[in-house]
Amino acid sequence: MNLLHFLSQNSDQILESTGEHLWLVGISTLLAVVIGIPLGILSERWPGWNKPVLGGANVIQTIPSLALFGFLLPVPWLGGRADRLAILALTLYALLPVIRNTYTGIRGVDPAVVEAGRGMGLTERQLLWRVQLPLALNVILSGVRVAVVISVGLATIAAAIGAGGLGEFIFRGLAMVNNQLILAGAIPAAALALLADFGLGQLEKRLRPR
């Protein structure tokens with residue numbers, strides 16, 4: 001009951017922090033999709049780009065989140081704005097699943113279907129937009145789903161550099177050894193991750209080719 005009372009008393013702050021959290025996750029995921037899908041297509045179309053693109057995204061994934069924030073802090077345009085820095089870091093972390101699933105989805109399209117499209121006179125660009133991407137959409141969406149869940153979790157750490165979000169409650173709770181504060185940030189963050197995973201999972205199933 002103490003936790004429920006605390007949540008009800010601080011509902012305005014929690015809702016505000018949830019909005020900040022959604023903003024960070026939404027913008028970073030959108031940027032990851034805008035950058036990652038073309039890179040995935042590039043990797044599939046020109047195999048020479050495969051190792052550098054996927055290798056670079058893999059390297060970023062191995063960097064601890066706080067260390068990445070630390071690397072980006074000295075950058076002039078980013079260091080002065082915590083939200084910009086957090087969005088860039090979250091975008092970099094979200095790139096790998098988007099790139100990898102775009103590459104895998106296009107590569108996984110049945111070659112017979114592609115050849116049938118060529119036989120109908122479709123150009124390579126038309127094949128990509130009319131055949132390969134629509135058939136790979138559910139696989140690409142699966143990558144976006146993973147990216148969103150990763151971003152929801154990592155966005156809590158963005159509070160360490162003053163970017164806001166639900167992580168503020170968690171860090172304040174840790175500093176004050178206050179479980180209610182920790183749970184006030186952890187519970188909504190976990191709920192956001194579960195909702196995003198479930199919602200995008202259902203959309204992914206609907207887009208699966210039959």
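Guide: Ala67, for instance, sits in helix α4. This is a predicted model, where local features need pLDDT of at least 70, side-chain atom pairs count only at pLDDT 80 or more, and totals for chains, interfaces and linings use all residues. Residues are numbered from 1 along each chain as its sequence is written, and side-chain values use heavy atoms, with hydrogens and water left out.

Visitor: How do you know how confident the predictor is in the protein chain?

Guide: Look at pLDDT, the predictor's confidence in each residue, from 0 to 100. The chain averages 86, and 96% of its residues score at least 70. Helix α2 (residues 11-45) comes out highest at 91, while helix α5 (residues 76-79) is lowest, with a mean of 62.

Visitor: Why is Ala67 called partly exposed?

Guide: Buried means under 20% relative accessible area, exposed means over 50%, and partly exposed is in between (1.4 Å probe, protein chains only). Ala67 has 29%, so partly exposed it is.

Visitor: And what makes Thr91 buried?

Guide: Thr91, over in helix α6, has a relative accessible area of 4%, so it counts as buried. Skipping neighbours within four places in sequence, Thr91 is in contact (heavy atoms within 4.5 Å) with Ser28, Leu31, Ala32 and Ile35.

Visitor: Why is Leu30 called exposed?

Guide: Leu30 belongs to helix α2. Its relative accessible area is 53%, so Leu30 is exposed. Together with Leu31, Val34 and Ile35, Leu30 makes a nonpolar surface patch of about 350 Å².

Visitor: What makes a set of residues a nonpolar core?

Guide: The members are buried Ala, Val, Leu, Ile, Met, Phe, Trp, Tyr and Cys residues, joined through side-chain atoms within 4.5 Å. The largest one here has 36 residues, and Leu24, Ile99, Val148, Val152, Ala158 and Ala163 touch the most other members.

Visitor: Which helix gives the most to this core?

Guide: That's α6, with 12 residues. Apart from this core lies another, of 6 residues, including Ile106, Leu128, Ala136 and Ile140.

Visitor: What does Ala163 contact?

Guide: Again leaving aside neighbours within four places in sequence, Ala163 is in contact with Leu24, Ala82, Asp83, Ala86 and Ala158.

Conventions:
Helix = DSSP H or I, 4+ residues; strand = E, 2+ residues; numbered from the N terminus. Patch = residues over 30% accessible without salt bridge, like charges linked within 9 Å, V, L, I, M, F, W, Y side chains within 5 Å. Areas by Shrake-Rupley, 256 points an atom, 1.4 Å probe, with all protein chains shown as cover. Salt bridge = Lys/Arg side-chain N within 4 Å of Asp/Glu carboxyl O.
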